[in-house]
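Have the structure open beside the text as you read.

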Amino acid sequence: MFVGIVLVTLGITYWAARRAHSADQFYAAGGQISGFQNGIALAGDMISAGALLGLAGLICSSGFDGLIFAVGYATGLPFVVFLVAERLRKLGRYTVADVLATRLSETPIRIFTAIATLIIVMFYLIAQMVGAGQLIRLLFGLDYLYAQILVGALMICYVMFGGMVATTWVQIVKAALLLTAGIAISLLVLAKFGFDYNTLVARAIAVHPRHAAIMMPQVYSGSVWQSVSLGMTLMLGAAGLPHVLMRFFTVPDTRAARVSVFWAVMCQSGFFALIFIIGFGALAIIGGDPAYLDAKGAIRGGGNMATVHLSHALGGDTLMGLVSAVAFATILAVVAGLTLTGASAVSHDLYARIIGRGRATERSEIRASRLATVGLGILSVLLGIAFQTQNVAYMISLAYAVSCSSTLPLLILALYWGGLTTRGAIAGGVIGLVGAVALTVLGPPVWVKVLGNAAPIFPLDPPTIVTMPLAFLTAFVVSVMDRRPASASAISPAV
C-alpha cells in the first residue's frame with residue numbers, strides 16, 4: 001500500500017510535468033482548476049497528518065483540550081473567504097506579494113513578504129519532515145537519515161517537475177484517501193459500541209486515569225488571555241498562510257474562489273468531526289489494552305501513534321498499512337505545497353521581480369524556481385535531521401502566530417484601508433514577525449519545554465494576542481506619520 005501510493009503520486013507528477021511549461025502553469029496551474037477541485041486540494045492543505053495523528057492523539061490523551069484545537073482549525077477557513085479570498089483573486093497573480101505590490105512600493109514589500117513566507121514555510125517543513133522520517137522508521141525500520149533523504153527526494157520530484165498541477169492533484173488524491181480512511185475507522189469504532197456515541201464516550205471516560213475530568217478544559221482553563229490568544233491564532237492563522245492563499249490563484253475567477261472555500265470547509269469540518277470519534281475511540285479501545293501500551297502505561301511510540309494502533313486493533317495489518325500509507329501521502333502533499341510556495345517566493349518575488357527587475361524570461365524564472373526547490377529540499381532534509389530529537393510541535397503554532405502577526409495584517413490593511421504606506425507596512429510586518437518569533441522563544445514552548453528553564457519569561461503561548469494588534473497598530477501609526485506620496489501604482493482599496 002505504501003509503495004503503491006508513492007507510485008500513484010509519482011505518476012501524477014509525470015502527467016503534470018508534460019503540462020507545466022509556462023510560469024502560469026507552473027505557479028498557478030494556468031488558473032484552470034475548478035472550484036470543486038481546488039476546494040478538495042485546499043482541504044488537503046488544511047487536514048494534514050497532524051490532524052489524523054496529532055489531534056486524534058491529543059484527544060486520546062487530553063480529551064477536551066484536543067477538541068479545542070479541532071474546532072479552532074475547522075473555523076479558520078471561513079475567515080479566509082470573508083476577509084481576503086475574493087480580493088486576493090482579483091488582484092493577485094501567483095503570490096501574496098503580487099497583491100501587496102499593487103498598493104505599495106514593489107522592492108521592499110516583495111523582499112519582506114518573501115522572507116516572511118520562507119520563515120513560515122520552514123517552520124512547517126521541519127515539523128512535517130520529522131514526522132515523515134519517524135513514520136518511515138517505525139514502519140520499515142529504515143535509518144532516520146535515509147528516511148529523510150527519501151522524503152526530500154520525493155518532495156523535490158513533485159514540485160520541480162510537476163509544479164502546481166502536480167501539487168494540486170497529489171493533494172486531491174491525498175484528501176480523498178484521508179477522508180476515506182477517517183470514515184472507515186470511525187464506522188468501525190462506532191460499530192464496536194452499537195453506533196452509540198454516548199456509549200463510546202462513557203467507555204473512554206472509564207478508561208482514562210482522570211475519568212470525567214477529560215471532558216473539561218485543562219491546559220487552557222486557567223488563563224482567559226491564554227485561551228483568547230490561542231483562539232485568535234487558530235481561527236485567523238489560516239487567512240495569512242502563504243501556501244493556503246496561493247491556492248486562490250489557481251481558479252479562473254472569484255466565484256470559483258468562493259466555491260473552493262465552500263467545499264474545503266465541508267471536507268475539513270466533516271473530517272474534524274470524525275477526529276472526535278477516532279480520538280475517543282482510540283482511548284476506549286486501546287487505552288486499556290496492554291498490547292498497545294508500554295511499561296509505563298503510555299501508548300507505544302507516543303500519542304501520535306494512537307490512530308495507527310487503533311487501526312491495527314480494528315482491521316489488523318491491512319488497515320494499519322492503509323492508515324500509515326495515507327498518513328505518509330498526507331505529509332508528502334503538505335510538504336509539496338509548502339515547498340512550491342517557498343520556491344515561488346524565491347523565484348518570482350526575489351529573482352524575477354527584484355533581481356531581474358521584471359525582465360526575466362519565463363524559462364529562466366521556472367529554472368530559478370526549480371533550483372530553489374532543490375535548495376529548499378536539501379535544507380529541509382538537513383533541518384529534519386538537526387531537529388530529530390527536539391520537540392517540534394510548537395513550530396506549527398509558531399507558523400500560525402507569524403502569519404497572524406505579519407502577512408495577515410498587511411493583507412487586511414492593503415485590501416481595506418487606503419491610507420497604508422510602504423513604510424507602515426514594512427514596520428508593522430517586521431514588528432509582528434520578530435515579535436511572534438521572539439515571544440515564542442521566551443514563552444513556554446521553547447524557554448521551558450526545549451531549553452529546560454523553570455518558568456517562561458513571557459507567559460502566553462501563542463503570543464498572537466500581543467503581536468497581532470501590535471503589528472496592526474505599528475502599521476497604522478507609521479502610515480499616518482508617513483507623509484510621503486503614495487506609490488504611483490496605488491489603486492483604490494474598493495477594488
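Two helices, α8 (106-140) and α9 (144-192), each supply at least two residues of a nonpolar patch; helices here are DSSP runs (H or I, at least four residues), numbered from the N terminus. Helix α9 gives the largest share, 4 residues. The members of this surface patch are Leu139, Phe140, Leu142, Leu145, Tyr146, Ile149 and Leu150, and together they have about 610 Å² of accessible area. Such patches take residues with over 30% relative accessible area and no salt bridge, with nonpolar side chains (Val, Leu, Ile, Met, Phe, Trp, Tyr) joined within 5 Å; the areas come from the Shrake-Rupley method with a 1.4 Å probe, and only the protein chains shown count as cover for residues. Leu142 sits in the loop between α8 and α9, and its relative accessibility of 33% makes it partly exposed. For burial, the cut-offs are under 20% relative accessible area for buried, over 50% for exposed, and partly exposed in between (1.4 Å probe, protein chains only).

Before going further, a word on the model: it is predicted, so local features need pLDDT of at least 70 and side-chain atom pairs count only at pLDDT 80 or more, while totals for chains, interfaces and linings use all residues. Residues are numbered from 1 along each chain as its sequence is written, and side-chain values use heavy atoms, with hydrogens and water left out.

The pLDDT, the predictor's confidence in each residue from 0 to 100, averages 79 over the protein, and 89% of the residues score at least 70.

Leaving aside neighbours within four places in sequence, Phe271 touches Ile47, Ala51, Leu52, Leu178 and Leu179.

Gln268, in helix α13 (residues 254-286), is buried with a relative accessible area of 0%. Beyond its neighbours within four places in sequence, Gln268 is in contact with Met46, Ile47, Tyr73, Ala74 and Leu77. Helix α17 (residues 407-416) is largely enclosed by the rest of the structure because 9 of its 10 residues are buried.

Finally, there are 2 salt bridges, each being a side-chain nitrogen of Lys or Arg within 4 Å of a carboxyl oxygen of Asp or Glu.

| Salt bridge | Closest N and O atoms |
|---|---|
| Glu106 with Arg110 | 2.8 Å |
| Asp482 with Arg423 | 3.9 Å |

Asp482 lies in the segment after α20 and Arg423 in helix α18 (residues 422-442), so this pair ties together parts that are 59 residues apart in sequence. Asp482 is buried at 10% relative accessible area, whereas Arg423 is partly exposed at 47%. Glu106 and Arg110 both belong to helix α8 and are 4 residues apart, about one turn of the helix. Here Glu106 is partly exposed at 26% and Arg110 is buried at 4%.

Methods: Contact means heavy atoms within 4.5 Å. Patches are made of residues with over 30% relative accessible area and no salt bridge: like charges are joined within 9 Å, nonpolar side chains (Val, Leu, Ile, Met, Phe, Trp, Tyr) within 5 Å.
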